[in-house]
Amino acid sequence: MQFGLTETQETLKKSAREFLNAECPMTTVRGIIESAAPFDAALGSKIKAQGWTGLLAPEEYGGHGMGMVEMAVVLEEMGRALLPGPFFSTTLLAGIILSRGGSEQQKNKYLKPIAEGDARATLAQFGADRRAHFVTEAAAADFIVCAGPIDGEPCIFVTTSAPTTLTPSLDLTRRLYDVDLRSTPMDFLARGRSAQEILDSTLDIATAGLTAEMTGGMQRLLEITVAYAKTRKQFGRPIGQFQAVQHLCADMLLMTESARSAAYYACYAVQEQLPNASEAVSIAKSYISDAYREVGNRAIQVHGGMGFTWENDCHLYYRRAKASEIALGDAIYHRERLARIILDKHKHSTTAIPAMPGCRAQQSHKEHAGKNAVAHQGRKKTSPRRTATNAQAAAMRTAQSPTTLRDSTSDANFNSAILQSYIDISTIDHRCRNKN
Amino acid sequence: MDLNLTPQERAFRDEVRAWLFANVPANWERDHLEDTMHQRFAFLKEWQRKVYEAGWAGVAWPKEYGGRGATLMEQVIFTEEMARAAAPQLANVLGLSLVGPTIIAFGTEEQKKRYLPKILSAEEIWCQGFSEPNAGSDLANVRTEARIEGDAFVINGQKVWNSYGWAADWCALLTRTDPQSQKHKGLTYILVDMHSPGVEVRPLLQMTGETEFAEIFFRDVRVPIANALGPIGDGWNVAIGTLMHERATLGASVQVTYRRQLDRLLELAHTVERDGRPAAEDPLMRQKLAQCHAELEIMRLNQMRSITKINQSGVPGAEGSVQKIFWSEYNQRFQQVAMEMLGAAGQLTKGAPGAIDDGLWAYSFLRARGNTIEAGTSEIQRNIVGHFVLGLPKSY
């Protein structure tokens, strides 16, 4: 057993750090934030030259076919540099879903240009109203992979043209868009159960990658905060000499190192397709969602008045921390996923992930109640206890008004939750059997 | 990165597992439930002797001193398998985890031959004499005096918070050999026979009602000079070596204990009711239990990374302090979650009708208060991380 980076991985990490230090310093990050362009083409072509866009993709589609641990090494450095732009949405979200679904012809058409660094893409998860919200870097995308229910059936398709609207949000380095898919051309990759499976496994892998990226951000906050605590003087001595400050920094290290353990294990688990991969992902995302935000907060506090200024970089990371916490399922979502594994083991395979708050923003109460009734019918065989829990969860959901939910919605889990809870696998089975 | 066991590690694991399956006494926990502390300890000593005779004690210790000469990873596998088999713990906790490794690192050939095999066989039980009434976190303030008279130290002073002091045959004692010296200079680490004239052990009644710890008084206790471990006057470095081991290795064993306790709580979640339904269905409890599970897994992963690092560098580093903070504070959070989940019955103590697991949870809740104090307080650990890991200026 060896839980550390190999020599090759260390070399990759070092070269990624050197590249990003040189090509993506904070002045560049701030330049991109202020730019109106949907993405920075010059930086994009330099990243393409590094070969990172094809790191994960199979060789037959122009990639290098490397593992998720190698990807994690690069993502950690990207997170450390706060790299803005469509790399994550293209390579991790769209790239992974395309490498797992679609025909050879579709892979050649979509995955290959991604791997070769010639196309940018993203993933949009839409609801029953065929609109997608919180879509990452949609304006930079040459095409969008879309996942959601069509007539109650989970579907994944690619569209090359869809109207996008920027929705200004906290993270200035990762822009979010509304995407209208109501009259868009659709090139279908998968439908039904396989669509659900492709999406689920993609989200696990992408989430693992996101946690590695988040760890890099934590690392950078720790570094700049410790450096500041060593040089900033008050009462005639560096503030880092005061235990109150030292202990804040010590906890930042503890959280960062713990995040690193969890993130790398999650990436390793999805790479090796371990049976507990989803669990490892939820452990990492639940912990790191809280930890990155907390490290960001402590970084700001140690920087004092300086930390509260626009000029200081801490807030840019803190913004990313909050957005990353929300993306792909927040801590509460992933803890519930864990609870299903550790508490509901015997029922786990038939249990859908619960809806996240906000998933009904696009649905009326009436529709919602109807869907729940369908879901319950499909779960006839489950234990009375499980039904009680579902009924209770449904009651909790209906107690909240759609308007407030819209305000508190979170991006990816917003729609993935629709897929995962309203399109219950058991009801899909039922329908498929009827069709046959 | 390769988290699979190597073929050698797998073979080792299978062998340990088979041996434990055949040798762990059935129902030992139930059979020894009513034991006094001393009866139970006698049973654990007997168990360790059996483990030693089968060649499993001191997995990573050199063969020539009775160990198995295996890797640190195999040591960890052994610890995990012991827990998996719900085997009794080995009696000589401090000898195995602290004193032995320190003797291996600093001892003379004669000392290694003399002490190590008997640590492994539990023939000689060890305690550690570091803390004093005025040298707790400020350990370098040690005042227990070891005056050199001819070929012997004459020891006078008082030690406190000595785990297993009541059971110990030997004590790893931190003393001041140079009365003019200050702080970490002039200290000497001495191996003291607890049966020597002038040694008095008094049990220390703890807030849990137990006497797990002791106070030890030394009055003109004569110890041969040859019993100094490491050079005279260099005791601080030797003691720090011990503390590093304590922090690096304690984590590995507590993690396994915590896992068993969390698994038990998860089991109870299906039977204990909150608001007329099993706690396992309470959304808030589910969140809290999942949080404990995640943290405990991360603790295990941190340890795996740390073991990999120690394997590469050969010595435990100051990062052990990070582990110490993690496990001690985790356990306090966990015990609180357990008490919340168990509700009113959680407060019932041993022997009370309706006490869950015979009061184990009420006991553990109190016992956990000590976690952030023993083996270096959380505050001291954070100072160590701040200064030695992050390079911040020393605060004191």
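I began with the hairpin that strand 3 (residues 143–150) of chain A and strand 4 (residues 153–159) of chain A form with two residues between them, where Asp151(A) in the turn has a positive phi of about 50°. Strands here are DSSP runs of E of at least two residues, and helices are runs of H or I of at least four, numbered from the N terminus.

I noted that the model is predicted: local features need pLDDT of at least 70, side-chain atom pairs count only at pLDDT 80 or more, and totals for chains, interfaces and linings use all residues. Residues are numbered from 1 along each chain as its sequence is written, with chains lettered from A and ligands numbered from 1 in the order in which they are written.

I looked up the pairing (at least two DSSP bridges between two strands). Strands 3 and 4 of chain A are antiparallel over seven bridges, and Ile144(A) stands opposite Thr159(A). Strand 4 of chain A also pairs in the antiparallel sense with strand 7 (residues 187–191) of chain A, over four bridges; there Phe188(A) is the bridge partner of Phe157(A).

I then turned to the contact between the chains, which takes 40 residues from chain A and 38 residues from chain B; contact requires C-beta atoms, placed from the backbone, within 7 Å. On the side of chain B that touches chain A, helix 8 of chain B gives the most, with 15 residues. Helix 9 (320–342) and helix 11 (378–389) of chain B are also among the elements that give two or more residues to that side.

Key:
Contact = placed C-beta atoms within 7 Å. Buried ≥ 20, exposed ≤ 12 C-beta atoms within 10 Å, placed from the backbone.
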